[in-house]
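Could you walk me through this structure as if I had never seen it before?

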Amino acid sequence: MKRILLTLLYSLFLLPLAAQPPKYEVRAAWVTAVYGLDWPRTRATTPESMRRQQDELIEILDKLKAAHFNTVLFQTRTRGDVLYDSSIEPYNSILTGKTGKNPGYDPLAFAVAECHKRGMECHAWMVTIPLGNRKHVAALGKESVTKRKPAICVPYKQEYFLNPGHPQTKEYLMSLVREVVERYDIDGVHFDYLRYPENAPRFADGYDYRKYGNGRSLAQWRRDNLTEIVRYIYKGVKAMKPWVKVSTCPVGKYRDTSRYSSRGWNAFHTVYQDVEGWLGEGIQDQIYPMMYFRGNGFYPFALDWKEQSNGRQIIPGLGIYFLHPDEGDWSTDEIERQINFVRTHGLAGEAHYRVKYLMDDTRNLYGILKDSYYTAPALQPAMPWIDGTPPTAPSSLGIERPADGYTLLRWKPSTDNDKRNEPTYVVYGSDSYPVDTANPENILAQRIQGTEYVYAPILPWNAVRYFAVTAVDRCGNESTPCQSH
């Protein structure tokens with residue numbers, strides 16, 4: 001215990017010192033659409049304004065790609081409305097200025113395609129239980145779930161919520177998830193607000209508790225309700241596409257730890273999320289705890305998540321919005337220490353809330369990440385609990401060097417044990433042979449589809465001499481390399 005406490009203290013006071021980044025690491029950013037907080041700024045009312053709206057998203061993705069981010073948490077459902085072509089809920093008014101109006105394209109399909117072009121994963125971020133305030137619900141009109149399925153909706157403190165205690169709530173949420181997973185080539189579904197309102201003893205679920213409680217305490221029954229929703233959706237997603245990651249962003253402190261108190265604010269007691277139970281049962285692939293805290297509010301609880309992870313991926317959500325003088329006026333050192341801690345203790349990566357503060361380079365955070373922490377690309381950590389078998393190695397890597405300075409690489413394809421997916425490829429290059437594929441600085445490109453790649457060095461005199469190619473399946477398993485000669 002003393003050694004653990006010393007480790008925590010060391011992490012608290014350690015001056016930020018960036019080392020070579022890990023090869024496998026989640027580097028995520030939340031792209032928030034509600035109220036247009038991050039995107040979009042332009043309303044798509046004409047073909048020209050539609051293209052401007054798309055260009056705004058491309059600008060975000062280009063900037064993330066330039067700093068070697070590899071995961072985009074794209075807001076897909078807000079509060080009873082969506083950002084894709086749904087047969088269940090209406091389009092969010094933020095797209096066009098009018099609820100339910102088609103913006104002229106499908107934003108989720110566009111986001112997925114543009115992320116994949118840049119070698120990044122796209123996860124559909126879906127707000128689950130809250131449905132918005134009375135004004136918002138009224139604006140949705142007859143399209144609101146409160147009108148179409150009133151039995152599963154409850155009012156509470158001037159807002160509406162889905163009722164986690166009603167058996168049909170999980171089925172309704174799964175119908176939305178099914179649309180997204182079946183129709184889009186997403187890499188993950190990411191659930192937000194999968195919890196009860198905080199400190200809600202008067203939440204209007206008394207009838208359901210009396211009907212379904214079966215002798216459990218109200219608190220335990222509520223936890224079980226959320227767990228059943230998580231279980232039902234997780235199994236449903238895996239039955240469709242096992243490689244699609246299922247994750248949640250819970251309250252950042254699970255409960256009191258032996259090292260430090262949660263000071264009355266935690267997932268287990270305050271909002272009834274038994275997240276460590278979900279991890280233990282294996283019904284989450286990733287957890288993005290919203291760890292928007294400093295000092296002892298962060299480090300002991302990050303370590304607790306890691307210790308209780310059951311081998312699943314823990315990606316702490318970092319509150320980078322607190323860097324802004326109007327929010328918390330944090331120094332950038334706070335975020336740097338947290339990233340160092342995440343790496344030192346072997347967590348799967350980190351996520352940044354929100355992308356606006358990266359785009360604005362608040363307190364030079366974007367520049368620091370690009371120049372000191374995310375200096376090389378990173379591949380996605382594997383999910384061996386879903387599939388631990390890598391594809392076969394590509395073969396017959398051929399090199400052609402036309403006179404224009406470009407290099408054309410061609411290889412024979414790999415095969416994967418899951419025949420529903422073709423592997424994608426990672427291209428490495430260096431001036432030494434064989435190419436060291438363990439060094440992320442040698443990654444030239446990832447998520448290459450097909451069996452050829454055009455290498456165009458930024459400067460001709462920086463061109464590498466040797467190349468290697470590996471295959472990666474949708475669960476992150478990487479093959480042995482095929483080296484050039």
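What follows is a short tour of pockets, a cavity, a sheet, a helix pair and some backbone details.

This is a predicted model, in which local features need pLDDT of at least 70 and side-chain atom pairs count only at pLDDT 80 or more, while totals for chains, interfaces and linings use all residues. Residues are numbered from 1 along each chain as its sequence is written, and side-chain values use heavy atoms, with hydrogens and water left out.

**Spaces**

Let us begin with the terms. On a 1 Å grid over the protein atoms alone, a cavity is a set of points where a 1.4 Å probe fits but cannot get out, and a pocket is an open set with protein on both sides within 12 Å along at least five of seven lines; lining residues have an atom within 4 Å of a point. Grid points are joined across faces, edges and corners, and a volume is the space filled by probe spheres set on the points. In the table, Ala, Val, Leu, Ile, Met, Phe, Trp, Tyr, Cys and Pro count as nonpolar, Asp, Glu, Lys and Arg as charged, and the others, Gly among them, as polar.

| Space | Volume | Lining residues | Make-up of lining |
|---|---|---|---|
| Largest pocket | about 1,000 Å³ | 43 residues | 24 nonpolar, ten polar, nine charged |
| Second largest pocket | about 340 Å³ | 15 residues | nine nonpolar, four polar, two charged |
| Largest cavity | about 250 Å³ | 20 residues | seven nonpolar, six polar, seven charged |

Nearest the centre of the largest pocket lie V34, Y35, R79, P130 and Y193. Helices (H or I, at least four residues) and strands (E, at least two) are DSSP runs, numbered from the N terminus. Among these elements, α4 gives the largest share of this pocket's lining, four residues.

For the second largest pocket, the residues nearest the centre are L444, Y455, A456, P457 and I458. Two or more of its lining residues come from each of β16 (424-430), β17 (443-448) and β18 (452-455).

The whole structure holds two cavities of 30 Å³ or more. In the largest cavity, Q380, T424, Q446, R447 and V472 lie nearest the centre. Strand β16 contributes the most to that lining, with three residues.

**A sheet and a helix pair**

Strand β18 also belongs to an open sheet of three strands, ordered β14-β15-β18 with antiparallel pairing; two strands pair if DSSP finds at least two bridges between them. At the edges are β14 (395-400) and β18, each pairing on one side only. The twist from one strand to the next averages 15°. Four bridges join β15 (residues 407-412) to β18, and T407 stands opposite Y455.

Helices α6 (residues 167-183) and α8 (residues 218-240) have axes that come within 10 Å and cross at roughly 30°. Axes are lines fitted to C-alpha atoms, for helices over the stretch in contact, and angles run from 0 to 180 degrees between N-to-C directions. The two helices α6 and α8 are therefore roughly parallel to each other (an angle under 35 degrees).

**Backbone details**

Most residues other than glycine have a negative phi, and most peptide bonds are trans. The bond from Y353 to R354 is cis, with omega near 5°, and so is the bond from Y433 to P434, with omega near -5°. P434 sits in the loop between β16 and β17.

Methods:
Parallel < 35°, antiparallel > 145°, perpendicular 65-115°, else oblique.
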